[in-house]
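Take a moment to look over the chains before reading on. We will go through them one place at a time.

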Amino acid sequence: MIKHADRIYHGGDYNPDQWDEATIDKDMELFKKAGINFVVLPVFSWAKLEPQEGVYDFGWLDKLMDKFAEHDLKVCLATPTTAQPAWLSKNYPEVLPVDKQGRKRTHGMRVFFCVNSPKYRERARAMAEEMAKRYAHHPSLVVWHVANEYGTFCYCPTCEKKFRQWLKNRYGTINNLNEKWHTSFWGRTVYDFEEIMLPTELNDDYRFNPIVNLDYRRFMTDSTIECFENEAEVLRRYNPEITVQTNISGHIENLDQFKMVKHMDIAAWDNYPKPTDDKSFIAYKHDLMRGLKGGESFMMQEQSPNQQNWQPYSKLKRPGELRMLSYQAMAHGSDTCSYFQLRQSIAGQEMFHGAVISHNGREDTRTFREVSQIGKELQQIGDSFIGGRRPAKAGIIFDWDNWWAMEYASQNCMPNKNFNYLKKISKYHKVLFNQNIPLDMLSIEADFSGYRVIFAPYLYMIKGDIAERLKGFVEQGGTLVTTTLSGLVDEHNRAVFGEYPGPLKELLGIWVEETDALPPDEKNQICMEEGSGFTEKSYSCGFHCDVIHTREANVLGRYGMDFYQGTPVVTKNSYGKGQAYYLGTEPDEKFLAELARVICSEQELAAPYQTVGNVELTERVNEKYKTVFALNYDKEQEAEIDLKDETFTELITGKTLTGKAKIPAYDLLVLRKDI
Amino acid sequence: MIKHADRIYHGGDYNPDQWDEATIDKDMELFKKAGINFVVLPVFSWAKLEPQEGVYDFGWLDKLMDKFAEHDLKVCLATPTTAQPAWLSKNYPEVLPVDKQGRKRTHGMRVFFCVNSPKYRERARAMAEEMAKRYAHHPSLVVWHVANEYGTFCYCPTCEKKFRQWLKNRYGTINNLNEKWHTSFWGRTVYDFEEIMLPTELNDDYRFNPIVNLDYRRFMTDSTIECFENEAEVLRRYNPEITVQTNISGHIENLDQFKMVKHMDIAAWDNYPKPTDDKSFIAYKHDLMRGLKGGESFMMQEQSPNQQNWQPYSKLKRPGELRMLSYQAMAHGSDTCSYFQLRQSIAGQEMFHGAVISHNGREDTRTFREVSQIGKELQQIGDSFIGGRRPAKAGIIFDWDNWWAMEYASQNCMPNKNFNYLKKISKYHKVLFNQNIPLDMLSIEADFSGYRVIFAPYLYMIKGDIAERLKGFVEQGGTLVTTTLSGLVDEHNRAVFGEYPGPLKELLGIWVEETDALPPDEKNQICMEEGSGFTEKSYSCGFHCDVIHTREANVLGRYGMDFYQGTPVVTKNSYGKGQAYYLGTEPDEKFLAELARVICSEQELAAPYQTVGNVELTERVNEKYKTVFALNYDKEQEAEIDLKDETFTELITGKTLTGKAKIPAYDLLVLRKDI
Amino acid sequence: MIKHADRIYHGGDYNPDQWDEATIDKDMELFKKAGINFVVLPVFSWAKLEPQEGVYDFGWLDKLMDKFAEHDLKVCLATPTTAQPAWLSKNYPEVLPVDKQGRKRTHGMRVFFCVNSPKYRERARAMAEEMAKRYAHHPSLVVWHVANEYGTFCYCPTCEKKFRQWLKNRYGTINNLNEKWHTSFWGRTVYDFEEIMLPTELNDDYRFNPIVNLDYRRFMTDSTIECFENEAEVLRRYNPEITVQTNISGHIENLDQFKMVKHMDIAAWDNYPKPTDDKSFIAYKHDLMRGLKGGESFMMQEQSPNQQNWQPYSKLKRPGELRMLSYQAMAHGSDTCSYFQLRQSIAGQEMFHGAVISHNGREDTRTFREVSQIGKELQQIGDSFIGGRRPAKAGIIFDWDNWWAMEYASQNCMPNKNFNYLKKISKYHKVLFNQNIPLDMLSIEADFSGYRVIFAPYLYMIKGDIAERLKGFVEQGGTLVTTTLSGLVDEHNRAVFGEYPGPLKELLGIWVEETDALPPDEKNQICMEEGSGFTEKSYSCGFHCDVIHTREANVLGRYGMDFYQGTPVVTKNSYGKGQAYYLGTEPDEKFLAELARVICSEQELAAPYQTVGNVELTERVNEKYKTVFALNYDKEQEAEIDLKDETFTELITGKTLTGKAKIPAYDLLVLRKDI
């Protein structure tokens, strides 16, 4: 969490280097009116701060920092290292990346450097040190932000050399690498680390060599962490009391965020939903962000106060939508409500991207008014739920290695070409979310001991001791749900030598002989056995259909069609004190909702309060308070929450509530009680 | 117009360097039978004319020129510089372009040279001079044609160097460039012109940096003009009485044609409609071509006498279709009816492209007969409408800077990703065209004084004094219509700092707070206020929906749906003696047709004659005659034109017509009277 | 055919270099249980066999060869030259290809070398010689397999130099090349072979220069043949009694297989149908493979025993499907039933590709049981139909030059952009196949004397003496069917100078004036004349519509629509003792089926036996036996074959059959009788 935070930070990206003093002074007034207490800068000012190598110009920033202090604005100070100056690219072309097509890039875009470039790191570290020297103890400073939205991959000679060294460190000998990479397939045996080439379009390995791709992503994650630490270490040295982080952009899949975020004091991310995204999908990402540091609160670093410019159809946010999105973020663990951007730029890529202050500079716009309402409410709410964690006994395993391995496999060797890990896992999240069951997104290394129900869908890669720990979890009474495509490969992406699902087959009491692939327009059915506890007799399913042989497991459902009609598709195995479910297919949402209901009921998991209507319900608990968030998404109908005999203060209205409380249409309650 | 022209030139591209003498002699006979009086050559003969550097072989062309003279064929003599010889590319690789992907190209295609290459220019100029020396006073010569279909962009080191110099000339200092390019966005500040990179795929600036792209297109336009002038200057020097031009291909968007054509004696273009193009869309392009030189007549340089080979489905032209297309071109301002090609090539890319003389060499083919009919008719028509201009009081503003800026913006920062400038503007043309209202396509620098109604849809970029001149136009009693997305940026593509639509807001009496983007399948409605004069109560609209605040303006229509339901969408503001309309959305065609009707009626603009049926009606007026073209597109029904008490000679039939005259099905009248 | 073969080889690709000895011993047992008698290896073991240049390690392979001998397994020994070792690419970068985009590739993929690289050839030949020295007389060896799935094109400097030399050899002088390439089009005249560039994306010639592309494919075919012969010559030298071949992959279009296979002792191919492929389409490819060596039997080198991994949706093969596919291959001329792969790899691109022995290693899987059934049956069948040829009097001409020329033309200059030669020709195959008419796929150079009916659809390019030979064929009483797009160009892709269809017009008694192109959703009709013998009055047609003028020919059908309504579309011309049909369009399948029926009936061609049901029927005849294959594809209904008074032994059941015999549902008969 953010160290020493005494309020929910409400603000966002600000680029005063684009404006004259009069405009900045006007902004100070407007910020006050909007309840803005937090600015992020100077993300893109490297060229301005260091006009030539080693020559710095911090005068304008010094003045701004003092102005912020004067106006009680807290600052998230960004090292501006996401966009190197043109002179750096010109004088040291090594800093420019080589792309997957083997092309040396030219200066231009942001996040457009080689994370392994020694020169880039040298200059970035020098810049970080300059900033730390000046501002590490500035009263406005609350967060250090390093660079921005890491994720660019590079394939330059520097990276090639470092990757070979990384492989040497990982595998020790070339023989061991040959074995782990199983290079005997397609004649890829190597005799020297120097013979290993990067996986690019030049050798098609980016498509056809899953293991080198997988290791390259692991290497790029490690390289990016080094690049982050290169600056973070300096910043921490000057003042260890300041939170250090960077933000996760939409390219979340490129880097293993569980590994990355270990090196940060807090996770931070940019929330840019598509107009068509379901609210559960946004909640799912928030929950994943909270999971990155094992349930600690996170920062919503960016969201657009109105329309984005990156969507094919950049719809306006509807009236009230920004407020719902803001509270949803906080309900799921954010301790900030931060926008990109505070004042709209007059040029460049994002000139029509939403901003708190539009080109027109007015304070009577819909957007400004909505932001101001949030600002006012957050002042009332104060420090209520800061650092609050969500109590949950259900969890869903999420893993970057699995993501990468499955999507590479899907492009090539898996039966079905359209595997989207993020979307596939979200289906399991959605059914729990819809029932307001508290849940956590779990790393594969998470401690499972506090949980009763764990979903591990598509657990393709079994690595470390995960198989043993899942067995232990079930043995001790937990309920596990896993699915088709699980237990197939080891950490080197080598298939199990033996029956599927490999190390999980004993726990599940089954083995899988083969897996059929269904095109999107083909479906099969799950016909439920008597006494399954499910309400319908059959459900639709598709995508993959495992042909399953049961051993100890009971059959809950069987296929309704095709040559494997009547064979098991859903099984349940008693193991120790617990239960292990296997779904040999991708069921429809109705089935998954029933399954969640049945399993949660067996394990006595439920929503913390009963609600009536389209209500999203979460709790956050810190040392002082329990805070309950109840968001009513219905734009026409009021909803209800039954607080029973508990008594809460509603923080926005200040009212005391107990028993059945109303939530107005498209409105929300923030209910607090002392612990 | 073409200097000294005494007839409508009827002919086209001819490649006698592909044929033996017997075939050429046969062609002379066939040309005579088809009424061909005009040949264009030798477009692709550089390698033949200059087999090695500085060594020329003009013998064969000398003989041809004399043969043409003998047969009274007029010649459009092309410098063959569109396709350099292989030896030039081989000995001086600098002439080959570097493409947007950063790849040095190899010799092969046509228009495949760097327009800035000094060596290319040297050799091209030498070739032009050789030709001028020999043929500048040849009796057959009537037009010089320079190269062919310019438009290839290059990103080579020569271009890089010249672009930096061009920027230096334009902006003076690097500080001024930083300000105008607003480089503080995304950290792009530069300290030296040498730090500026070309916008290619190598730095993603081709997608993400609208201003450098915009300036690169301006630079490429200027470079291409230099490249054209490099030859044109020599040609003019030898005989200033010969018209000099080049032709505009389908890649019309690449170069600012208003700028280009200023350097030519006449505009010339290649008319290759798709089989699915509406006749209004073809007329729109003709009108644009006529607009390039402020209403002067132009040359239709190429059209296919039958099917093309570039379409996905190259349908045959239907019987009579070629004739209708030919007269449509002349009706809109062409003084030529010229084909690609006179004789079909036996090999290469265009071997199955239509030609007057097919591979079979016969004169009884449908195509040959249709061409012959046109030839015969044109002999009867004689010099009737040469140089004739179209009298119009309605105009539509068209601007390449706006085209480029909006399409870049649409790829990135505009709310909606599917902006096609050419298509969007055409919708306004179409409704006037369908009502046979005489109209001109106007440059943003055009003199508006003769007009009563100006449409300036999507006037995104306000540059020069256009805002003042539009105000003046309305003040003096004109009617202006502009739309959503207007008045947003200056000539440097920087957004207005203040309310939209920036410099137009006073004239329009409104301001626009925000703009919603609708996907193609979503629509809103324009609900008309009482007394609007429109026939329907509501119309469909979509694409964008501005949320508008009126000041002085009256509201003509309001949104029928969404959260901005009931707010203004169509407004009308009295300003001086005139009216300024604003459309905050993209209305359907029905609305636009009504709007055109209402506005034209207010300004007393109308079709010059009343017609019954599917008739396209235009006038051309020169010093001697008024010529009226009436084309009946209905294949079954005859149509009618009411000439009232005017008396005309119909030039094809020679009949005298007055009062109500019939136009046979899928046929046309060319009516002339003395001035 | 395979020399000295005494059984149908049943087996497939095996990669024991991936496994330990225990696994290999287990495999020997499993092979025996599955009736596997044939292994293909070591396709990908170059790096293992030659760990450094000139240093060989054959010990492991020696041991394996002896083990195979011990278990009576026959071996198809592959030179492992499809995937060069990394050290070869590293030490001699010239072996790596340059791709069509001009990019030097890096080491990685298989078939990823320049076929013209001297160093590659040197090392490949040395490897072949090492293998020949050791194994040429090994008792297990039955076939040499060179490399694997040739087809990669290269555009490196070596290839450029060789291509220029190849052109010099072909055309002699640059003037002759200019004439044959008709370089006067678009100014491409060259004065030196050094001025000729390869057709790549760098000069767009890969799209826009049909003749250089065509010659490049011819050159690449010749280069690949040299590359094959480079090894084959050595192998043959050590033991001329061993069959030498390589296999044709899915990229069948890249190389002229008629030319390639001339250099092999037998054709071999990989049969990977899509789940949606019609059985006739698979049979068509088998027939084409048989045609490559003029009707000799071929090898089905690879098929998947279960699902593939390359399909977007890799469906499981249904129960029994593998068996039907296997017998279909043999019924059409295969003397092998060979799988990729015998044991499933645990890693890499194809780790989930079907295999006889799955990761689970079990012998009770569906796949293993189905393979074992085939193995057992083949043991019973013995050497029955080895080398058997199919007696046919109908043929379809297939030609790679035409394929290439038409697809290039279709991308550019043909009226319709969607020409797929393989698919278009297959429509003619399908209607004969469905009627069980014995048919051969014929090279353009084939001897037509034994045939009564020849289909030559889309005979675009007339080369060599094909026009004369077709005239002779018809003169002697044969029936020819040809179609739109025939007779248009010569071997240099130059259009005929004269009426279409050029050299065929006299034979057909027509000429074609023009050709309309119809988009996929537009159709026309063929209205049959009285007495045509067709059952329907009209049929649907589309794609292209020729406007035809008849001379001597009779009209069988006329267009039902469009401006050419009532003009001829199907004509028949008596020429000598035979008949020549012309189809000016692409008729629907119903028309083609009728046409096949009518023509075959005129020429007294018929299915060899009458059948009832969905039966595929073929014969193979060798020196000893006639073998009849009858496959019933109906999964529910039994079918019937009427053997009349002939008596056969059914080889799987051992029963004697005569008269009307039943074929159970989704089952088959293999009937043999002595000659």
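In which loop of chain B does Gln341(B) lie? Gln341(B) sits in the loop between strand 8 (336-339) and helix 13 (366-381) of chain B. Helices (H or I, at least four residues) and strands (E, at least two) are DSSP runs, numbered from the N terminus. A cis peptide bond joins Phe340(B) to Gln341(B), with omega about 20°.

Some ground rules come next. This is a predicted model, in which local features need pLDDT of at least 70 and side-chain atom pairs count only at pLDDT 80 or more, while totals for chains, interfaces and linings use all residues. Residues are numbered from 1 along each chain as its sequence is written, chains are lettered from A and ligands numbered from 1 in the order in which they are written, and side-chain values use heavy atoms, with hydrogens and water left out.

Chain A also has a cis peptide bond, between Tyr500(A) and Pro501(A). Its omega is about -5°. Pro501(A) belongs to the loop between strand 12 (479-483) and helix 17 (505-508) of chain A.

Now look at where chain A meets chain C. Here 55 residues of chain A are in contact (heavy atoms within 4.5 Å) with 50 residues of chain C. The size of an interface is often given as the accessible area lost when the parts come together. Between chain A and chain C, the buried area is about 4600 Å². That is the accessible area (1.4 Å probe) that two parts lose on being put together, summed over both. Carbon and sulfur atoms give 57% of this area.

What holds charge against charge in our counts? The rule finds 7 salt bridges across the interface of chain A and chain C. A salt bridge is a side-chain nitrogen of Lys or Arg within 4 Å of a carboxyl oxygen of Asp or Glu. Asp562(A) forms one with Arg318(C), and their closest N and O atoms are 2.6 Å apart. On the side of chain A that touches chain C, helix 8 (205-208) and strand 13 (510-517) are the elements that give two or more residues. Strand 13 of chain A gives the most, with 6 residues.

Turn to helix 11 (residues 279-292) of chain C. Of its 14 residues, 12 are buried. Buried means under 20% relative accessible area, exposed over 50%, partly exposed in between (1.4 Å probe, protein chains only). Among the buried ones are Phe281(C), Tyr284(C) and Arg290(C). Gly294(C) follows the helix, with a positive phi near 65°.

Phe543(B), with phi about 70°, is found in strand 15 (residues 538-550) of chain B. Phe543(B) counts as buried because its relative accessibility is 9%. Asp204(C) has a phi of about 65°. At 12% relative accessibility, Asp204(C) is buried too.
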